[in-house]
Amino acid sequence: MNRFQFVADYHRRYGVKRLCTILGIARSSFYYWRRTAADRAARQAADARLVARIRAVHRDSDGTYGAMPGSVA
């Protein structure tokens, strides 16, 4: 869990201002983190799809990587 998630989880009980002060983070940083959550989630999903594609290509090439012999021009 990161500090921002901690603030999100406990802000109703202790308040954003108090938690940010104790954790040494700016309130504006917390609100920016919260506002950009959807963008981060979309990027993580795109990264996961890319990893799956890379693994499939690697598996389909029998675990080789780099230029195939004879394919360099």
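User: Leaving aside its neighbours within four places in sequence, which residues is R27 in contact with?

Analyst: Contact here means heavy atoms within 4.5 Å, and by that criterion R27, once its neighbours within four places in sequence are left aside, touches V16, K17 and C20. This is a predicted model, in which local features need pLDDT of at least 70 and side-chain atom pairs count only at pLDDT 80 or more, while totals for chains, interfaces and linings use all residues. Residues are numbered from 1 along each chain as its sequence is written, and side-chain values use heavy atoms, with hydrogens and water left out.

User: Where does R27 lie, and is R27 buried, partly exposed or exposed?

Analyst: Buried means under 20% relative accessible area, exposed means over 50%, and partly exposed is in between, using a 1.4 Å probe and protein chains only. R27 lies in helix α3, and its relative accessibility of 43% is why R27 counts as partly exposed. In space, R27 and F4 are 9.6 Å apart from C-alpha to C-alpha, although 23 residues separate them in sequence.

User: How many helices and strands does the protein have?

Analyst: Helices (H or I, at least four residues) and strands (E, at least two) are DSSP runs, numbered from the N terminus. The protein has four helices and zero strands, so that the elements read α-α-α-α from the N terminus on. Of its 73 residues, 12% count as buried.

User: How should I read the packing of α2 and α3, and at what angle do their axes cross?

Analyst: Axes are lines fitted to C-alpha atoms, for helices over the stretch in contact, and angles run from 0 to 180 degrees between N-to-C directions. Angles under 35 degrees count as roughly parallel, over 145 as roughly antiparallel, 65 to 115 as roughly perpendicular and the rest as oblique. The axes of α2 and α3 cross at roughly 110° and come within 9 Å, and these two helices are therefore roughly perpendicular to each other. In this pair, V16, K17 and C20 of α2 meet R27, F30 and Y31 of α3. By class, the contact of α2 with α3 has four nonpolar, no polar and two charged residues, where Ala, Val, Leu, Ile, Met, Phe, Trp, Tyr, Cys and Pro count as nonpolar, Asp, Glu, Lys and Arg as charged, and the others, Gly among them, as polar.

User: At what angle do α1 and α3 pack, and which residues meet?

Analyst: Helix α1 (residues 3–14) packs against helix α3 (residues 27–35) at about 85°, with the axes 10 Å apart, and the two are therefore roughly perpendicular to each other. Here F4, Q5, V7 and A8 in α1 meet S29, F30 and W33 in α3, a contact with five nonpolar, two polar and no charged residues.

User: How far apart are the axes of α1 and α2?

Analyst: The axes of α1 and helix α2 (residues 16–23) are 8 Å apart, at an angle of about 140°, which makes α1 oblique to α2. Residues R3, F6, V7, Y10, H11 and Y14 in α1 meet V16, R18, L19, C20 and L23 in α2, and by class this contact has eight nonpolar, one polar and two charged residues.

User: Where does T36 lie, and is T36 buried or exposed?

Analyst: T36 lies in the loop between α3 and α4 (37–60), and T36 counts as buried because its relative accessibility is 13%. A polar contact is a pair of N or O atoms within 3.5 Å; within protein, one must be able to donate a hydrogen and the other to accept it, and residues adjacent in sequence count only if both atoms are side-chain atoms. The side chain of T36 makes such a contact with the side chain of R40, at 2.8 Å.
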